[in-house]
Amino acid sequence: MELFANLLGRMSLEYFPKEPATIGAAIGMPLAVFGVVGLLTYFKKWRWLWDNYLTSLDAKKIGVMYIAVGLIMLIRGLADTLMLRLQTAVAVGDQAGPFSTDTFQQVFTAHGTIMIFFVAMGLMFGLINVALPLMLGTRDVAFPLLNSISFWLFAAGMILINFSLIYGGFSNGGWLGYPPLTELQYNPGPGVDYWIWSLQIAGVGSLLSGINFFVTIIKNRAPGMTFMKMPIFAWSVLVTTVLIMLAFPILTATLAMLSLDRTLGMHFFTSLAGGNPMMYINLIWAWGHPEVYILVLPAFGIFSEIVATFSRKALFGYKSMVIALCAIMVLSFIVWQHHFFTMGAGANVNAFFGIMTMIIAIPTGVKIFNWLFTMYRGKILFASPMWWFMTFVVTFTLGGVTGVLMAVPAIDYQVHNTLFLVAHFHNVIIGGVVFGYLAGVAYWFPKMFGFTLIERLGKLSAALWQLGFILAFMPLYALGLMGAVRRLDHYTDPAWTPFFIVSGIGVVIICGGVFVLVLQIALSIWKRKSLKAGGDPWNGRTLEWSVPSPAPSYNFAVIPHVSERDEWWHRKQHKLAHAIDHYQDIMLPKNSSIGLIIGGLAGIAGFGIIWHIWWLSAIAVVAIISTVIIRSNVEETEFTITAAELKNAEAKL
Amino acid sequence: MKRKMLVVAIVVVIAALVALGYRLVHGVTFDVLQPTGVIGLKERNLLLFTLGLSLIVVVPVFTMLAVFAWKYHESNTEATYKPNWTKNTTLETIWWGIPIVIIAILSLVTFITSHTLDPYKPIASNNRTIEVQVVALQWKWLFIYPDYGIATVNELPIAVNTPIHFSLTGDAPMNGFWIPSLGTQIYAMNGMQSELNLMANKVGVYKGHATNINGKGYADMNFTVKALSSGDFDTWQKSAHDSPDQLTKATYDKLAEPNTMGVRTLLLADRTLYDTIMMKYMTKQTTKNNTTKSTMDHHSMDAM
Amino acid sequence: MSTLHETQLANQKTELGFWLYLMTDLMLFASLFAAFMVLRVGTNGGSSGVDIFNPQYALLETFVLLASSLSCGIALISARFGKLKPAVIYLVITMLLGASFLFLEIREFALLVLEGNSAASSAFLSAFFTLVATHGLHILIGLVWAGALLYSITKKGLQPRVLHKFGLFALFWHFLDIVWIFIFSVVYLIGGLS
């Protein structure tokens, strides 16, 4: 019995969920998963799924998987939000909310973690995968196998965080897990460890993607596409990858140190024995601030493409936009302390970081003007992506204002860690990141699948999101100014309740917006024959619109030669027909299950560390190394499409 | 036609939202916007000033967004269409220049106010300063008045128009100490000392909050601030000496156990208690001649 | 099969990618260095750098690692000149020196732990052990990689693909040597002598 107990680390029956809400989630989620598994089995789609998606090294397919996971996690994150707002609408004075304090704290921690790491990062990497190679006039990313590994590491992190619902519970320390609260002294259970390892594993995936996309942009561009001729989206991704490569290792190191504290009893961030929790806060925000720019810059890039495309006009001030992107990239590394002005660093330190933070507002503001003047003297079609752009400008600008307010340390002293702060960051993240990536999905969906999404429902979704956002978050600004701090599971002042109720209604409307989105996708799939789209449904400007929809596996039969910015628009304007006369053999990467295997093993290793099942983690790690070595000795990793096969395929399209 | 309907719908919704907003905020007290402390007042004015500056940018942005969306809609065939018009040095100069000027002004204001509103900066006054030592616990606040030999839990009586100098530490996961009506919040951390200076200018009862999650009882970690007249404060502190409860190392250990409680008043039997609490976490450094010493300097956070 | 041009392009990409990975690894070490610099005063009443660091021992480790970088360089050059036997011999020497370095380091750790100076004793020791052991782990992975490389060379000979990977390994190995120089200087020299 002893040996058996040791084999399972610290697992025991006590870690199953005990409250109605958590029990419900623990039953509901596996049911949903089994439902999907059942459907796949019933319709005999496993082979199709395996060959076309799970083992595919095609960036377009990997991108679709990222987006699917991102949207599913959006629903999970919003379910968390509904729970939070239900609680705050009710739990005033002596009235208890429907959820225990422990559940509430886990829910807001899960909410933040999921939204940032799995929704925003997922949608971002998904859209980059789907669009970037096509825009650059190339066949795939620089390292297709690494791309697959990155996705499966991301998926492993996602599975770990969801598994905590069923067994063990999640962290209650907020999405950034400040010590000493998250140290063993105050939090000995597995929740914080689930948080650490799902982020650690997903974080490695992100880091590898950063390297991958950087090399892709540097090395994979079509001939003739100089840096100043590549789409501005590619610039935004380039800048983002630099941020990823420099910032994510800090997260890796910091999470590792916290994990060492918790697993091996070390003292990096403990209160006692010389540890320094303030060090954690500095390190985690040294990653955390670049992270939010990582999230928003590709969204800016997407909006740049959308505004130019739908205004039928070239982007205003391309060079300024590039300079602004680079300025934001550099500045985002020297502002992190503004997240803890109230830690008492002294006037000069606070002033320096406050001023640096404000300076970032300048290039960001410049971008908004450039977008507006792209509209100016354009001929604007307000398709659904433009609706998202409109909601973005309104929402993000407001968020920027409150950001500038909070950049002044003396103002921040009165609003830090209140619902005012919560409103601000949701303001910029929803306005910039969420609206940006939903716009990207609407914009590139036809390219991914060959049919457009039903426009009316897309516009309705944008409208609901905008209205819902205002109702959900404006009251939070007010609450913050009333003295309401964040993360409260109950409160005493009944004057706050009407604000929380209005906020809750806003969340419901946002959920309505997501419901419409899901409906839109479902109905569009159902009606796809009548929504069929050619290669260029939006009369686009960049190269992805020069190939059929969905794009063939090889993207371009013949790699195009680029001479202008907005090359595709240029060709259409000057009626440059590109008759292809000469096909050559193409080599593409074969499918591979390596990514899946490594992701799975990483998840198992993480699981083992969380539950102190050391032998399991050790085996998993050795297996990962072995897999890498075995794979490195595989010679035949590509397959050929002969020129004849290519010609046939092109004729059919 | 459809466009006009959409615009009308948007205007109606905005009007409804404004009405809803007015209805919500009507009659509500906003501690941060209606402060009763000198620091809070300065911070409120700074907020309004900065908000005003931002409007210089925000109003044109929203206006242009609306106007351009309307005027350059593809159905408006009379509007100029210049598909390759992408450069205008005058415009670029304006929208780089004006934000730079605004941020320059704001930077200067930031530098100045970071100093004038530095929580460590003592408040100039002819009146005495009341010293309060704050210990953030799970899940309550301990306030020690070293000059008066008393201590309270979850209640902070102070005198109006009197500078209060707080020395803060913690014996619990990191927390933040905040009285919105009076101003600036600051973290209270184990083994560290942070400082805060506030002054109330109006008699009344104000709310105090904990601002950083520190476990299950976080939401209950509120305290009440009683700003009393000078005479009333003296009356109170004298009567507090009649309290039967004593704050010693032993009773403190009991107090520090994780739980929530109401208001308590205690006699401070151990004047070194605050230092002892901080010392528990203090880093012991090894000096050149291999003796151990403890670091305990003010502004210990500046070392970061 | 890919053309020569395509192979060259692919090699350029992997090389660029690997340099970038090394840069991210540098950021990881930088974070651990930063933690060490801040936490080295947190001795919890126990040992500090002066008490436990032996700069001469660390100097020995440094020479061992530097020598392994030298042998790695010779191995790579031999390989690029098509000289199989010297390439193999010097690669084996590199591995032996690397293993010796690890042995010295593990011995140092074991002695410290037996004395009662474990990573769980204080923040200073946590930071020290983690920084140095992270480097040690990288060396271990390097040894595994070298072993796999050795296998490839003996099985397949000095093919272009194998040479390319050999080059990447050498980059990794030299990078670890450079990181060690920083560790030696900042941790052992400054920490041990002040």
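Chain A has 20 helices and 2 strands; here helices (H or I, at least four residues) and strands (E, at least two) are DSSP runs, numbered from the N terminus. This is a predicted model, in which local features need pLDDT of at least 70, side-chain atom pairs count only at pLDDT 80 or more, and totals for chains, interfaces and linings use all residues. Residues are numbered from 1 along each chain as its sequence is written, while chains are lettered from A and ligands numbered from 1 in the order in which they are written.

Let us stay with chain A for a moment. Its C-alpha atoms fill a box of roughly 75 × 60 × 45 Å along the principal axes.

Two residues are in contact if their C-beta atoms, placed from the backbone, lie within 7 Å. For the classes, Ala, Val, Leu, Ile, Met, Phe, Trp, Tyr, Cys and Pro count as nonpolar, Asp, Glu, Lys and Arg as charged, and the others, Gly among them, as polar.

| Side touching chain A | Residues in contact | Classes |
|---|---|---|
| Chain B | 82 residues of chain B with 83 residues of chain A | 44 nonpolar, 28 polar, 10 charged residues |
| Chain C | 30 residues of chain C with 33 residues of chain A | 17 nonpolar, 12 polar, 1 charged residues |

On the chain C side, α1 (4–39) and α5 (123–156) are the elements that give two or more residues, and α1(C) brings the largest share, 15 residues.

Within chain B, the axes of helix α2 (residues 38–71) and helix α3 (residues 89–116) come within 10 Å and cross at roughly 170 degrees. That makes α2(B) roughly antiparallel to α3(B), a term for angles over 145 degrees. B:L46, B:T50, B:L53, B:I56 and B:V57 in α2(B) meet B:P99, B:I102, B:I105, B:L106 and B:T113 in α3(B).

Methods
Axes are lines fitted to C-alpha atoms, for helices over the stretch in contact, and angles run from 0 to 180 degrees between N-to-C directions. Angles under 35 degrees count as roughly parallel, over 145 as roughly antiparallel, 65 to 115 as roughly perpendicular and the rest as oblique.
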